[in-house]
Number of protein chains: 2
Amino acid sequence: MNSNTHHSIREAIRKRIVAGEWQLGDLIPGEVEFAEEYACSRTTVNRALQALAEEGIVERKRRGGTRVSPLPAPQAQFAIPLVREQVEARGLAYRTKVTAHRVGQPDERTRDQMHLSPAQDCAYLESLHLADGKPFAFERRWINLASVPQFDIEALGELSANEWLVRKVPFSRGSVFLSATSADSQTAERMQVELSTPLFTMRRTTWFGDESVTAMTLYYAPCYELDFTI
Amino acid sequence: MNSNTHHSIREAIRKRIVAGEWQLGDLIPGEVEFAEEYACSRTTVNRALQALAEEGIVERKRRGGTRVSPLPAPQAQFAIPLVREQVEARGLAYRTKVTAHRVGQPDERTRDQMHLSPAQDCAYLESLHLADGKPFAFERRWINLASVPQFDIEALGELSANEWLVRKVPFSRGSVFLSATSADSQTAERMQVELSTPLFTMRRTTWFGDESVTAMTLYYAPCYELDFTI
DNA sequence: GAGTGGTCTAGACCACGGT
DNA sequence: CCGTGGTCTAGACCACTCA
């Protein structure tokens, strides 16, 4: 048995690329050549190179061979965390509180975002996420009752709306917008900050199939930073 | 020949999971079983399921089988774009201008971030990124001359420092911090906004191996949003 | 047309980890 | 222990695309 796994070969080739053995955009050896060099089958090299292609390190074309990416863009992959996890990761106690809720029709902008007809009823929710009792984030959310008819304030229990939705409508997709906004009077009051404080803001709309599930805006406390590695 | 590719099988199984054929956390059929069902080899099913595992849709354990992820967290993958690309994607003309530069030693906080010894010389750069002549982002950057000795203001040409570094030190890794900050007087002047305007801010430190390359802070114009899909 | 990557298959052995 | 996933191999055929 050969100890060369597609994993070890991938790392070996990655190291050679990172070390600059080939210039950006240059052709690197083909699968057969690598297979001879590492004394393994072509299949194994193929897996290794496909993984590097998925990472954006190399680009591959039939007949054209495999080249080092001409302009490798730093890639980041991260999971959108639940606020509960963000709070508990800081060693603080998480609690959430619904500060307002009603059923009604969203404003036109939200209706557009969620592709709703004007008469469509939605649940509206305002919640505060607390870390050790202090405001950590303030959330405004619309939930499409047509796609989540089981939704009810009572059903949440101790969960935040997001935690409930993640369980009830898993594998939803969506778009995220990050920005810096100025605290409006309501947010400032809820978050106990001064009016116009800069707040890191995350806006999300999520979909299940072609039906919108929810649209929300989350305002984080001034201390908050979103961090990830590339 | 069978028309079932690992790709098509992956999508078929994904659809069944998303449709709720199995509950969150439930065991799904094993590789052999799927192979019979889709009339293909176990190898092909294996590739399909491994891909779903990488996406976080299923979790796999030897002997334990494959289960639907109990709490699937929405995953996002995106490339840190060059400011030039962000500007040109909006159909605007990109230009960059170095507004200040010198060689010296960074403040203690930056020195810590970059793991530098006190006497270590760095290049300091302030640049403005313009979109159709209007300020789009303002950047403060330290460059570790020990890891990039070839760096020189003249070497940049029409490129931004980041574009130059991406070519000169490709495949670097690093950490990113996103936040909302209040425009200080210098940034406000350069960006032509009022003092204390909330600005979406990206702080990055990048490494090549165990050597820091650069540390930078980028302040985006108020109109800016970072968007991606999950 | 020919060379490269993309994929499949059947069979084999290994490694982990639940019973 | 033994069933499950993890991986390798050799050979095969296909699909793209460059010359």
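Student: Which residue takes a positive phi in the hairpin of S2(A) and S3(A)?
Tutor: This is a predicted model, where local features need pLDDT of at least 70, side-chain atom pairs count only at pLDDT 80 or more, and totals for chains, interfaces and linings use all residues. Residues are numbered from 1 along each chain as its sequence is written, while chains are lettered from A and ligands numbered from 1 in the order in which they are written. Strands here are DSSP runs of E, at least two residues, and helices are runs of H or I, at least four, numbered from the N terminus. Three residues lie between the two strands of the hairpin, and the one with a positive phi near 70° is A:Arg63.

Student: How many bridges join strand S2 to strand S3 in chain A?
Tutor: Two strands pair if DSSP finds at least two bridges between them. S2 (residues 58-61) and S3 (residues 65-68) of chain A run antiparallel, with A:Glu59 opposite A:Arg67. The number of bridges joining S2 to S3 is four.

Student: Which strands stand at the edges of the seven-stranded open sheet?
Tutor: The order is S11(A)-S8(B)-S9(B)-S10(B)-S7(B)-S6(B)-S5(B), with antiparallel pairing. Each edge strand has a single partner, so one side is left without a neighbour in the sheet. Those strands are S11 (226-229) of chain A and S5 (94-104) of chain B.

Student: Is B:Gly56 buried, exposed or partly exposed?
Tutor: B:Gly56 sits in the loop between H3 and strand S2 (58-61) of chain B. A residue is buried if 20 or more other C-beta atoms (placed from the backbone) lie within 10 Å of its own, exposed if 12 or fewer, and partly exposed in between. B:Gly56 has 14 such neighbours inside 10 Å, so it counts as partly exposed.
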